[in-house]
2 protein chains.
Amino acid sequence: MRDAYHEELDSIGDGLVEMARLVGSAIGRATTAILDADLKLAESVIAGDEKVDDLQHDLEARAIALLARQQPVATDLRIVVTSLRMSADLERSGDLAQHVGKLARLRFPDTAVPGDLHATILEMGQLAQRLMAKAAEVIITKDVDLALQLEQDDDEMDRLHRTLFQHLMDDRWKHGIETAVDVTLLGRYYERFADHAVSVAKRVVFLVTGEHADELTPAATAIEDV
Amino acid sequence: MRDAYHEELDSIGDGLVEMARLVGSAIGRATTAILDADLKLAESVIAGDEKVDDLQHDLEARAIALLARQQPVATDLRIVVTSLRMSADLERSGDLAQHVGKLARLRFPDTAVPGDLHATILEMGQLAQRLMAKAAEVIITKDVDLALQLEQDDDEMDRLHRTLFQHLMDDRWKHGIETAVDVTLLGRYYERFADHAVSVAKRVVFLVTGEHADELTPAATAIEDV
């Protein structure tokens with residue numbers, strides 16, 4: 001039996017899952033849009049971010065109302081505060097998917113991604129989408145092992161990011177500066193998107209175990225930014 | 001006369017101001033480090049970010065304790081929740097200053113910034129530091145006019161960012177791909193840093209007026225990403 005209070009708490013969790021699904025789909029569609037130079041798809045990703053923003057506002061309003069009305073303490077309080085943070089991560093992920101869509105639109109009818117980098121960008125886009133799908137699953141299942149697995153997946157994103165940079169720094173790079181700039185920004189967007197998915201999963205770990213995920217995996221490779 | 005509760009609330013505000021001052025100083029020092037190829041200064045910026053992270057953890061713990069113990073409602077609740085968000089903005093700004101420091105370290109003994117872009121990067125760094133100083137002032141004074149002024153300043157950051165891109169896209173660019181990548185990332189770091197400073201100020205506006213800053217300045221130029 002769930003009381004009204006826990007139903008509200010659950011509905012906040014549902015909102016987070018919906019946000020994660022929307023932004024996961026958005027990064028997948030944005031990747032297709034930029035690889036295929038598909039303007040319509042790009043436009044739909046760009047316009048679709050409003051729904052994510054609306055969901056976040058709605059979720060925040062409900063979380064704050066819950067705090068005011070029910071005045072939760074201990075674990076319940078931590079859940080509500082953590083939900084606010086997760087919604088911020090997911091909202092930002094939506095922005096990053098939108099950035100990929102905007103870059104696709106900016107370069108249309110060309111594609112921003114040269115042919116020899118298609119496979120790498122496709123992998124980054126797919127991995128980003130998978131990471132977010134797993135983050136959604138972690139929110140639902142509160143599965144700590146799955147959450148820790150996201151960090152391993154993120155190592156793969158770092159590897160792809162390094163591959164991208166190796167291409168950029170290769171003396172045989174022949175796509176010019178504009179494309180180098182585009183690819184640099186794209187790489188950054190996917191990497192940050194993955195960071196936010198990992199962050200969502202880590203926050204669930206903290207809720208479940210009371211320990212920061214970093215403390216559970218001391219041997220994990222640190223994400224190295226620049 | 002302030003009771004213990006409002007003293008706690010004030011001390012959270014003080015923590016935010018201290019974070020803003022630290023990250024404002026960090027972006028200034030990181031800019032000097034990258035322009036002068038000063039390794040020691042870069043290292044100090046990189047190491048200094050730990051203090052910002054500690055401050056955030058401390059501030060969050062105090063905010064959550066306050067929620068649990070005092071169970072604020074209405075305006076006071078909004079202040080605490082908004083403080084959590086501002087601390088996240090400031091923590092992220094610290095990361096971005098650290099990224100600039102890491103890029104300075106990576107390219108040492110060279111500088112990542114070619115001579116003809118020194119002036120633009122210096123301006124971006126100075127503007128970023130000024131924006132954060134104003135954000136700190138807005139936290140202290142709750143001055144809505146000053147907060148709205150930050151958005152105008154951010155237009156100047158967008159202008160500088162465009163200047164940077166014009167240099168990059170100029171056919172006469174002669175600094176190669178690696179430097180183009182570095183400059184692209186640097187531009188992104190400063191732009192995001194400025195976004196976070198503006199975000200902090202906007203959150204204060206929302207606290208004071210109950211309206212989102214965007215609604216107060218319908219004519220303001222939207223920040224265009226990509």
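Student: How much of residues 121–204 of chain A is helix, and how far apart do the end C-alpha atoms lie?

Tutor: In this predicted model, the span 121–204 of chain A is 90% helix and 0% strand. Its end C-alpha atoms lie 29 Å apart.

Student: Which feature does UniProt place at these residues of chain A?

Tutor: An unreviewed UniProt entry gives "domain: PhoU" for chain A, at residues 16–103 and 121–204. Residues 16–103 of that chain are 94% helix and 0% strand, with 27 Å between the end C-alpha atoms.

Student: How are two packed helices described?

Tutor: The description uses the angle between the two axes and the distance between them. Take α4(A) and α6(A), the latter comprising residues 176–209 of chain A: they pack at about 15°, and their axes are 9 Å apart. Because the angle is about 15°, α4(A) is roughly parallel to α6(A). The crossing of α4(A) and α6(A) is left-handed.

Student: Which residues of α4(A) and α6(A) make the contact?

Tutor: From α4(A), the contributors include Ile121(A), Met124(A), Leu131(A) and Val138(A). From α6(A), they include Leu186(A), Tyr190(A), Phe193(A) and Val204(A). By class, this contact of α4(A) with α6(A) has 17 nonpolar residues, two polar and no charged.

Student: How do the axes of α2 and α3 of chain B cross?

Tutor: Helix α2 (residues 39–70) and helix α3 (residues 74–107) of chain B have axes that come within 9 Å and cross at roughly 165°. The two helices, α2(B) and α3(B), are therefore roughly antiparallel. Their contact comprises 16 nonpolar, six polar and eight charged residues. The crossing of α2(B) and α3(B) is left-handed.

Student: How far are the C-alpha atoms of Val138(A) and Arg105(A) separated?

Tutor: The two C-alpha atoms are separated by 33 Å, and Val138(A) and Arg105(A) are 33 residues apart along the chain.

Student: Which residues does Thr120(A) touch, not counting residues up to four places away in sequence?

Tutor: Thr120(A), which is found in helix α4 of chain A, touches Leu160(A), Thr163(A) and Leu164(A) under that condition. With a relative accessible area of 9%, Thr120(A) is buried.

Student: With which residues is Arg192(B) in contact, leaving aside its neighbours within four places in sequence?

Tutor: The partners of Arg192(B) are Arg92(A) and Leu96(B). Arg192(B) is located in helix α6 (residues 176–209) of chain B. At a relative accessible area of 13%, Arg192(B) is buried.

Student: Where do Ala74(A) and Ala37(B) lie?

Tutor: Ala74(A) is in helix α3 of chain A and is exposed, with a relative accessible area of 55%. Ala37(B) is in the loop between α1 (4–36) and α2 of chain B. The relative accessible area of Ala37(B) is 16%, so Ala37(B) is buried.

Student: What is the peptide bond from Phe108(A) to Pro109(A), cis or trans?

Tutor: The bond from Phe108(A) to Pro109(A) is cis, and its omega is near 5°. Pro109(A) is placed in the loop between α3 (74–107) and α4 (118–141) of chain A. In chain B, the peptide bond from Phe108(B) to Pro109(B) is cis, with omega near 5°. The loop between α3 and α4 (118–141) of chain B holds Pro109(B).

Key. Residues are numbered from 1 along each chain as its sequence is written. Chains are lettered from A and ligands numbered from 1 in the order in which they are written. This is a predicted model: local features need pLDDT of at least 70, side-chain atom pairs count only at pLDDT 80 or more; totals for chains, interfaces and linings use all residues. Side-chain values use heavy atoms; hydrogens and water are left out. Helices (H or I, at least four residues) and strands (E, at least two) are DSSP runs, numbered from the N terminus. Buried means under 20% relative accessible area, exposed over 50%, partly exposed in between (1.4 Å probe, protein chains only). Contact means heavy atoms within 4.5 Å. UniProt positions are given in the numbering used here, feature names are shortened, and annotations may be inferred rather than shown by experiment. Axes are lines fitted to C-alpha atoms, for helices over the stretch in contact, and angles run from 0 to 180 degrees between N-to-C directions. Angles under 35 degrees count as roughly parallel, over 145 as roughly antiparallel, 65 to 115 as roughly perpendicular and the rest as oblique. A crossing is left-handed if the near helix is turned anticlockwise from the far one by less than a right angle, and right-handed if clockwise. Ala, Val, Leu, Ile, Met, Phe, Trp, Tyr, Cys and Pro count as nonpolar, Asp, Glu, Lys and Arg as charged, and the others, Gly among them, as polar.
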